[in-house]
Amino acid sequence: SNRQPLTDAIGNGRLRARIALVISNKAAAGGLERAHESGIETLVIDHRDYSSRDLFDEAVTAALKARGVKLVCLAGFMRLVGRPLLEAFPNAILNIHPSLLPAFPGVDAQTQALAHGVKVSGVTVHFVNEDLDGGPIIVQRSVQVRDDDTPELLSARILEQEHAAYPEAVQVVLDGGWKIEGRRFYQTPGTSR
């Protein structure tokens, strides 16, 4: 569902970009049909067709490069990104995660948040690096955790913030005027987030 807000933000002028391609490693992914219906090229590259993660990443990289892609946005992609893709797109792969990283990386972030009794959770858009959910943070949005929350209720409220945060982060990156020092993402004066 995080691809659609990007498309919507492009359509209403909040995001100055073009989606060149939607790739999935699963042919049955619902996002492929929605992308196709929006006139966006789609491609399935099944990871099971490759003997290693590097070969899979090389195939994905080739498809992206062939279409002139400059920024890769992961959404619902539940695989670690390997060295070939990271090297082909340095500081140009974004991911969205349903927690305020570095808290609760990996899967089931909302369940982890509730189990830890946090009072605030949220969403993080970050650059992808070799560490799971460990790249420099671009945008975060917080969500209050309620006493009666379930993972499903919390997930729904976080998803609303995901849909706003992802287009915002993509535009910040595309606008330039930023730098990364260590793990920190900085915008230069005169740009706003």
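How close do the axes of α1 and α6 come, and at roughly what angle do they cross? They come within 9 Å and cross at roughly 60 degrees.

## Ground rules

This is a predicted model, where local features need pLDDT of at least 70, side-chain atom pairs count only at pLDDT 80 or more, and totals for chains, interfaces and linings use all residues. Residues are numbered from 1 along each chain as its sequence is written, and side-chain values use heavy atoms, with hydrogens and water left out.

## Two helices crossing

Back to that pair of helices, which are DSSP runs of H or I with at least four residues, numbered from the N terminus. Axes here are lines fitted to C-alpha atoms, for helices over the stretch in contact, with angles running from 0 to 180 degrees between N-to-C directions. The roughly 60 degrees between α1 and α6 makes α1 oblique to α6 (under 35 degrees is roughly parallel, over 145 roughly antiparallel, 65 to 115 roughly perpendicular, and the rest oblique). On the α1 side, P5, L6 and A9 make the contact, and they meet H163, Y166, P167 and V170 of α6; contact means heavy atoms within 4.5 Å.

## The sheet

Four strands line up as β3-β4-β5-β6 in an open sheet with mixed pairing. Strands are DSSP runs of E, at least two residues long, and two of them pair if DSSP finds at least two bridges between them. The edges are β3 (72-73) and β6 (137-144), each pairing on one side only. Helix α6 (residues 151-175) packs on the sheet and touches β3, β4 (93-97), β5 and β6, with its direction about 155 degrees from that of β6.

Now for β5, residues 120-127, which pairs with β6 in the antiparallel sense over seven bridges. Among the bridge partners, V125 goes with V139 of β6, and V123 goes with R141 of β6. β5 also pairs with β4, again antiparallel, over four bridges, and L94 stands opposite F127 of β5. Seven of the eight β5 residues are buried, so the strand is largely enclosed by the rest of the structure (buried is under 20% relative accessible area, exposed over 50%, partly exposed in between, with a 1.4 Å probe and protein chains only).

## N2, ahead of α1

N2 sits in the segment before α1 (3-11) and is buried, at 8% relative accessible area. Leaving out residues up to four places away in sequence, N2 touches A75, I96, L159, E162, H163 and Y166. With E162 there is also a side-chain polar contact of 2.7 Å (a pair of N or O atoms within 3.5 Å; within protein, one must be able to donate a hydrogen and the other to accept it, and residues adjacent in sequence count only if both atoms are side-chain atoms).
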